[in-house]
Amino acid sequence: MLFELREVGLDRAGRAVLDSFSAGIPEGSTAIVGPSGAGKSTLLRLLNRLADPDRGEIDYRGRPLDTYEPLALRQEVALVPQLPALLEGTVESNLRYAAELAGEPLAVEETLARAGLAPDFADRDVTRLSVGEQQRAMLARALAQRPAVLLLDEPTSALDHAARDRIEAALAELRREQEISIVLVSHDPEQARRLGDQVLEMP
Amino acid sequence: MSTSIHVELWQVAASLVLVALAAAISRWQRADLERDIVVATARSIVQLTLVGYAIKLIFDVDSIWLVVALLAVMVLFGAITARHRAAKVPRSFGPLLIALALAGASTLGLVVALGIFDPTPRYLVPVGGMVIGNAMTASAVALNRLGDEMGDARARIEATLALGATAREAAAPTVRRALRSGMIALVDSTKTTGLIFFPGTMVGMLLAGASPTDAVRLQLILLYTLLGSVSISALVATLLAYRHFFTPAAQLREPETASPR
């Protein structure tokens, strides 16, 4: 098992966002679906320790998640948030920042290609990208760290069909490479079936 | 600089005509500030009179410890006042208190150590008041900006944390902007000093009959001292306060759990 969650609960502002949630997430590609407010985004943030649960336990590769050093864990288990949030500068400077943090060599063109971006995006200022292009730049930035697991929070929710198809094509390609496990949150059951080896439903 | 000037009470009373003018304008244009103007005027009379007697006492006793005690009280009240401007920063009082104390102690210590001023109440009380007052404004502005920016930049900061950046790295652009806004007002007013406004100390010395050369030199010293003081206070306040937005595991605290106080 990649992740094992047992009776996980988390409160925000006195309300349980997640309550007694148990599930196993295997290697490969897993899509998590559920109604809005089910705690899907929160679940992803727990998996790379952007937040810690108030109750219950999470294991990553058989070891309690809270025994992993959070900064190193986040480079191994990369999260791409729902809305793009790049740093000021060019696409390449964003990739470089991420690669240097992880101590990984950076092959700019190859990384852009894996996220479905043409090589000429490297020099583009991030403020001049469409939301779909920013989202793919976020994906490229995560890939620049050569993570073992990719957590994707509704990666296409803010996009039109054409932009969604380009992201999905990039993800399908990553799936075929089989070097990386993907945990994807989606509100769209069709997309979950297209991209997941297995689909996990949240109540 | 042993000039002296005597101001009669009727002169002060006569200047209240301008306060009446301000209140009249407010009433006429319905700016709704009459009450504030009256309160402000009354407070200025009471507070400055009390401080005047306190300073006279401190000058008469001529004890360095009394000066230190007075400056410590200023630091305390400065931190309490600045805290209200920094309402979005969790637990801002500690960083502000340390920032003001460090800014006051280091700049005053330096000007005394360099032999610019003698360590006597006559210098330390007024200069200390200016140093701490400006440090308070700078750190309050810096933390006010920090609180706003940490809210606005939440998504970007968390996305940077998700790359395995430390809290400090993720907050760096925000901290930089906060520090800048704390320092910029004094940098700008130093640029335009003498052109757009005459600083108070220089005006006071000229009115008191000092030579323009002395007045200008003293004013320059004070401006540079204040530059040092606002940089230190804005820096210390932001560097201590940004940490309060993060947990030890480099997680962004939820705004509702990071209740402002």
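How many residues does the contact take from chain B and from chain A? The contact takes 22 residues from chain A and 16 residues from chain B, where two residues are in contact if their C-beta atoms, placed from the backbone, lie within 7 Å. On the side of chain B that touches chain A, 8 residues are nonpolar, 4 polar and 4 charged. Here Ala, Val, Leu, Ile, Met, Phe, Trp, Tyr, Cys and Pro count as nonpolar, Asp, Glu, Lys and Arg as charged, and the others, Gly among them, as polar.

The model is predicted; local features need pLDDT of at least 70, side-chain atom pairs count only at pLDDT 80 or more, and totals for chains, interfaces and linings use all residues. Residues are numbered from 1 along each chain as its sequence is written, and chains are lettered from A and ligands numbered from 1 in the order in which they are written. The complex has an ipTM of 0.92 and a pTM of 0.85 from the predictor. Chain B has a mean pLDDT (the predictor's confidence in each residue, from 0 to 100) of 92, with 96% of its residues at 70 or more. Over residues 257-261 of chain B, pLDDT stays under 50. The model has 10 contacts beyond four places in sequence for this stretch.

Strand E3 (residues 29-33) of chain A runs parallel to strand E8 (residues 181-186) of chain A, joined by 5 bridges. Ser29(A) stands opposite Ile182(A) in E8(A).

Conventions
Two strands pair if DSSP finds at least two bridges between them. Helices (H or I, at least four residues) and strands (E, at least two) are DSSP runs, numbered from the N terminus.
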